[in-house]
Amino acid sequence: MKKRSLRDLPAQALEGRRALVREDLNVPLKDGKVTDDSRLRAAVPTLQYLREHGARVIVLSHLGRPKGAPDPKYSLQQIVRDLERVLGATVEFIPDPAQGVAATRRLPRGGVALVENTRFVPGEEENDPKLAATFAALGDFYVNDAFGSAHRAHASTEAIAHLLKPAVAGFLMEKELKYLGDALEHPKRPFVAVLGGAKISGKIDVIDALLPKCDEVLIGGAMACTFFAALGFEVGTSLVERDKVPLAKELLRRSGPKLILPRGAVIAPGLERVAQAREVSADQVPAGWAVYDIDSVTRADFHARLLKAKTIVWNGPMGVFETPPFDAGTRAVAEALVAAGQKGAVTIVGGGDSAAAVAGLEDKFSHVSTGGGASLEFLEGKVLPGVAALEDA
Ligand code: ADP
Ligand code: MG
């Protein structure tokens, strides 16, 4: 179901009004400093649009996992300077949402305030309507731009949308829903998914949900090893989830020719013994060795399949990309997506580590999803509570 967007609100609904915006400003911090500001930059289009339309902008976000009580380590005060820098505007800090109403009313048109971590207050993660009412008092309407938090029904993402209307989607949320939604509902074909990463357990439901929708599902990463084990291959010391082997067998049986496994692998006796890295076919992994990447035969095979695709969804690295040379398979898939995109394919990258693997190349893909868990649940076909609670278009 299409959701009402900030774009749909008339100018007079914004001018002078207090926009309460839920963003996902859950940035990585080291010693109190923001080490990656991409989530701040991703919030800018929505915040800037509101400012330009004369709204008073009040921002809500969580940061980290405090236990429902204040914890200086997770204070949003630490990101105020960086938010000011990316916005080119001063940001007032509201330390306590329960005491914040006066400050929101004093904000000038186009002014911005940031409320302290939503998870400092008990009730946020319980989706408590009383806390939602406290938040709701800080605004005249609600904008949810936090796609990355939309899979959790929390007071600032779900309960609040029932209390504060209009409740609309921000531009980042809109873009995520458009790309992921269109890919799943009306994909240009062939539609090919590439799935990798560490664990099959976190992604088995995604494979399951995508198989009937896709023309092909390419498997890489450690999760390929669980399939190798299901085929009866020796997998050495590779990362295999033994308890998922029966499930992998079942998937292989059901999927037919759509499920494409790696033909071979780059192996080594251990991650610190890269000098001994070599390529073998998938059924030739010696005992005591582990699979750390897809081999060059597989890279060429995946490349050819991806170049024929018109829609590609990629989630999860093909190997231990943090440790070269085991990044080669992941880089090859990234390059294949870029090449397919140049030929007109829609290319979507999702997942925290996958997004990190293509950092700096974001503009070469149609869309890089900012929401790891949320994009996975979306691909599984689940309803995201933070999205469902928004008004329909
Ligand atoms: P994403 O965050 O993109 O969803 P995951 O979190 O599922 O991806 O997986 C990423 C991790 O998978 C990376 O840390 C990478 O090192 C690991 N990984 C990929 N392939 C292998 C492999 N063959 N053996 C061990 N770890 C792997
Ligand atoms: Mg990850």
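Helix α5 is largely enclosed by the rest of the structure, because 7 of its 9 residues are buried. That comes from a predicted model, so a prediction is what is being described throughout. The buried set in α5 reads Ala155, Ser156, Thr157, Glu158, Ala159, Ile160 and Ala161. As for what sits over these residues, the cover includes the strands β1 (18-22), β4 (56-60), β7 (141-144) and β8 (167-169), plus the helices α4 and α14 (385-388).

The axes of α4 (residues 129-136) and α5 (residues 155-163) come within 8 Å and cross at roughly 75°. The two helices are therefore roughly perpendicular to each other, given that angles from 65 to 115 degrees are put in that class. On the α4 side, the contact is made by Pro129, Leu131, Ala132, Ala133, Phe135 and Ala136. From α5, the residues taking part are Ala155, Ser156, Ala159, Ile160 and Leu163.

Zooming out, the protein has 14 helices and 17 strands. Six of the strands make an open sheet with parallel pairing, in the order β11-β10-β9-β15-β16-β17. At its edges stand β11 (259-260) and β17 (367-368); each has a single partner strand, so one side of each is left without a neighbour in the sheet. Further in, β9 (residues 191-195) and β10 (residues 216-219) pair in the parallel sense over 4 bridges, and leucine 195 stands opposite isoleucine 219 in β10. Helix α10 (residues 296-307) lies across β9, β10, β11 and β15 (311-315). Its direction is at about 155° to that of β10.

There is also an open sheet of 3 strands, with antiparallel pairing and the order β13-β12-β14. Here the edge strands are β13 (278-281) and β14 (290-294), each of which pairs on one side only. From one strand to the next, the twist averages 45°. Strand β12 (residues 264-268) is joined to β13 by 4 bridges, with the two running antiparallel. Within that pairing, alanine 265 has valine 280 of β13 as its bridge partner.

Down at the level of a single side chain, threonine 330 makes a handy example. This residue is found in helix α11 (residues 328-342). With a relative accessible area of 4%, threonine 330 counts as buried, since the cut-off is under 20%. Leaving aside residues up to four places away in sequence, threonine 330 touches Asp293, Trp314, Pro317, Met318, Gly319, Phe321 and Ala357.

Finally, the overall numbers. The C-alpha trace spans about 70 × 45 × 35 Å along the principal axes of the protein. Its radius of gyration is 23 Å, which agrees with the value near 21 Å that a compact globule of 393 residues would have. Among the 393 residues, 57% count as buried. The protein exposes about 16200 Å², with carbon and sulfur atoms supplying 53% of that area. As for contacts with a separation of 6 or more, 73% are accounted for by residues 24 or more positions apart.

How values were computed. Residues are numbered from 1 along each chain as its sequence is written. Chains are lettered from A and ligands numbered from 1 in the order in which they are written. This is a predicted model: local features need pLDDT of at least 70, side-chain atom pairs count only at pLDDT 80 or more; totals for chains, interfaces and linings use all residues. Side-chain values use heavy atoms; hydrogens and water are left out. Two strands pair if DSSP finds at least two bridges between them. Axes are lines fitted to C-alpha atoms, for helices over the stretch in contact, and angles run from 0 to 180 degrees between N-to-C directions. The radius of gyration is taken over C-alpha atoms; the globule rule is 2.2 Å times the number of residues to the power 0.38. Buried means under 20% relative accessible area, exposed over 50%, partly exposed in between (1.4 Å probe, protein chains only). Contact means heavy atoms within 4.5 Å. Accessible areas come from the Shrake-Rupley method with a 1.4 Å probe; for residues, only the protein chains shown count as cover. Angles under 35 degrees count as roughly parallel, over 145 as roughly antiparallel, 65 to 115 as roughly perpendicular and the rest as oblique.
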